[in-house]
Amino acid sequence: MDNSQKKNLKKLMTTEFYLLLFLILVLLFLAVFAKGFYDLSNLMNLLNRFNYVLIAAVGMNMIIITSNIDVSAGALVSVLCIIAASLGKQGLPIGVFLPVTMAAGAVLSMINGLFITKLHIPAIVATLATTQLFQGVLPLAVNGSIYDLPATFTWLAYDAKLFGIFPASTVLMLVVIVTGLLFMKYSKFSKKLYAIGNNKNGARLAGVNVDRTIVIAYTIAGALYGITAVIIGTASQRVTTTMANGKEMTFIAAVVLGGTSTAGGSGKLIGTVIGAFILSLVSPAINYLGISPDWSDAIMGGIIILSVVASAVNIKKKRRISAAPGGR
Amino acid sequence: MKTVKKLKFTFNIALLLILIVIFAAISILNPVFLSPEYLLNVVLRNVVELGLISLPMTLIIITGGIDLSVGNIMVLSAMVGAMAAGRMGSVAGVIVTFLVGLACGLFNGIIIAKVKVPAMVTTLASMFLFLGLTRGMTGGDSVYAFPAAEAVGSKLFLGIPVQIFIYMICAVLFYILLAKSTFGRRLFGIGLNSNATKYCGVDIEKMLIRIYALSGLMCALAALIMIGRFSSLRYDAGTNINLKVITIVVLGGTSILGGTGDLKGTILATLIIGVLNSGLTVLNIPIDTQTIVHGTILIISLIAYEIVNRRTSSKRLKEVKTELLKKTG
């Protein structure tokens, strides 16, 4: 038992270690070949993008560890952007619309959790259905976009700078990630998440309230999507109804790239951090390398495929036969 | 075994009833809907691509897998095919379209079956890859139809759009493949218990690679029809299709967990979605409401499926109990 745990730890360490190595290589490569990549303004743009991807990915990470998934994240963030914007339009400061957006996110995401646990609908299908609901409701409520937003709304993206250079969303990101790392390492709740992902029935027999834990995981993720929505929304004076559609794939990809298995029960938050960073790096990097931005999705897909294939080959021998291909 | 049969039966009947109710309601609200031209040229024609892809998707979901990249395979193969047709003529265009579809399907299948990466992760990543390749190659421009694609996408045969015949032939072939062949039985086996199936001597890896490749080929066929129907395609045309196809398959009663499902349900669900889409358009209901309707129908069908499922399984449990009691006296 002790030995196998050590082995397990070692395996996880190397996944993250290789990822970090890859990241460093890419950064060195960019330093040599991409002129102007290390410009301050470019780095700050990159950081802003990294901030919102990571904050949402922290929530997604918790969900995926329980072997569930949330494909409604993009549509939900779009809804939350509009909620934030409609509050911001009234001139309300960020101190008001950030918590309200987070609460709205928590409630809407909780609905996903309830569908999954109470009605026993598989997560991917349940969130697929709610994606359609979110996407459908938005244009009915808002005609295309909310525009002419006041300076109080865009304050986070334009005026709030840490030490005059860092985007203020970095503070949000740091708070989320530090809390997240401590939470995932030391809290009882995180152990329950891993237990559910590894063996749902085992966890139930050991006294874990499986349904409630999953609903809470979705609720926390929803609140985090709220922060992401505020960062995305405040970046311009016009918030459209399709602002974050499709972003769920980036969030899931960050988690998967970070070494978390979609089968659940394994994966570390620190891997997700590196994964999110690599993915945020792609589009500015190829821009500075002189490649057309049209190739960014292809490169992102290639990186994800390479990393999952590499990690699968790595652990293939150790894997139980019962972990059948095409499984959940 | 008997109860399982009964379950499928009631579910398909329920789907048929839903179809009839929706159909009747829309026809009463707007009689234009009932005209044969409208039914053929709009209602059925618009849903053929989705229907074609949902056939192999049913097989994939029955094995417990999923393919999130179908829409993007479709657009990628249409793009490359149209480019080839522009340089080397229609025949080359068709061949290249199918080759690209096959290659994409094989790519997914090999990673899923040989490297054993979960299907969802693989196809999620390859979705990005195919979308990106399409976007990179076209630089964001549209591609245009070529004669061979127009022949299947916008021509009539005996007064009926050609693609409807294609869909009917494919539906029958897939039905036979799934319900009447050993291949189909094995797919259910993989979905129910892949280890047991493996030790029964089934080459699971080969089977999986085959169905993902088949899915790629069907995407290519749908791609030809789609580019012929619209006469031009943009690189992101396929992204919405992925989820719509899964909606159809799940609505048709195929369990996303694998092991249960049949093609009659998928075909009925295709018709329901087709009637709904065109029906809501006829009734002048905005497209966004249609999305809500899709989502709601999906949720209702899932809940209904869950209730039917739970009831039959508890009934079965009771039967087993009474039998045991009888035996033990």
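This is a predicted model: local features need pLDDT of at least 70, side-chain atom pairs count only at pLDDT 80 or more; totals for chains, interfaces and linings use all residues.
Next comes the place where the two chains touch. Chain A puts 48 residues into the contact, and chain B puts in 46 residues. On the chain A side, α5 (123–141), α11 (247–257) and α13 (296–315) each supply at least two residues. Sorted by class, that side of chain A has 28 nonpolar residues, 15 polar ones and five charged ones.

One pair of helices across this contact can be looked at in detail. Two packed helices are described by the angle between their axes and the distance between the axes. For α5(A) and helix α12 of chain B (residues 239–251), the angle is about 120° and the axes are 11 Å apart. Angles of 65 to 115 degrees count as roughly perpendicular and those over 145 as roughly antiparallel, so α5(A) is oblique to α12(B). The crossing of these two helices is left-handed. From α5(A), the residues making the contact are A:V125, A:L128 and A:T131, while α12(B) brings B:L243, B:I246, B:T247 and B:V250. By class, this makes five nonpolar residues, two polar ones and no charged ones.

Chain B also comes with some annotation. An unreviewed UniProt entry lists several stretches of it under "transmembrane region", among them residues 211–229 and 266–285. In the model, residues 211–229 of chain B are 100% helix and 0% strand, with 27 Å between the end C-alpha atoms. Residues 266–285 of chain B are 85% helix and 0% strand, and here the end C-alpha atoms are 25 Å apart.

A:M243 sits in the loop between β4 (239–240) and α11. This residue counts as buried because it has 23 C-beta neighbours inside 10 Å, and the cut-off is 20 or more. Setting aside neighbours within four places in sequence, A:M243 is in contact with A:S78, A:C81, A:I232 and A:G233. A:S145 is 98 residues away from A:M243 in sequence, yet in space the two are 9.4 Å apart, C-alpha to C-alpha.

Methods. Residues are numbered from 1 along each chain as its sequence is written. Chains are lettered from A and ligands numbered from 1 in the order in which they are written. Two residues are in contact if their C-beta atoms, placed from the backbone, lie within 7 Å. Helices (H or I, at least four residues) and strands (E, at least two) are DSSP runs, numbered from the N terminus. Ala, Val, Leu, Ile, Met, Phe, Trp, Tyr, Cys and Pro count as nonpolar, Asp, Glu, Lys and Arg as charged, and the others, Gly among them, as polar. Axes are lines fitted to C-alpha atoms, for helices over the stretch in contact, and angles run from 0 to 180 degrees between N-to-C directions. Angles under 35 degrees count as roughly parallel, over 145 as roughly antiparallel, 65 to 115 as roughly perpendicular and the rest as oblique. A crossing is left-handed if the near helix is turned anticlockwise from the far one by less than a right angle, and right-handed if clockwise. UniProt positions are given in the numbering used here, feature names are shortened, and annotations may be inferred rather than shown by experiment. A residue is buried if 20 or more other C-beta atoms lie within 10 Å of its own, exposed if 12 or fewer, and partly exposed in between; C-beta atoms are placed from the backbone.
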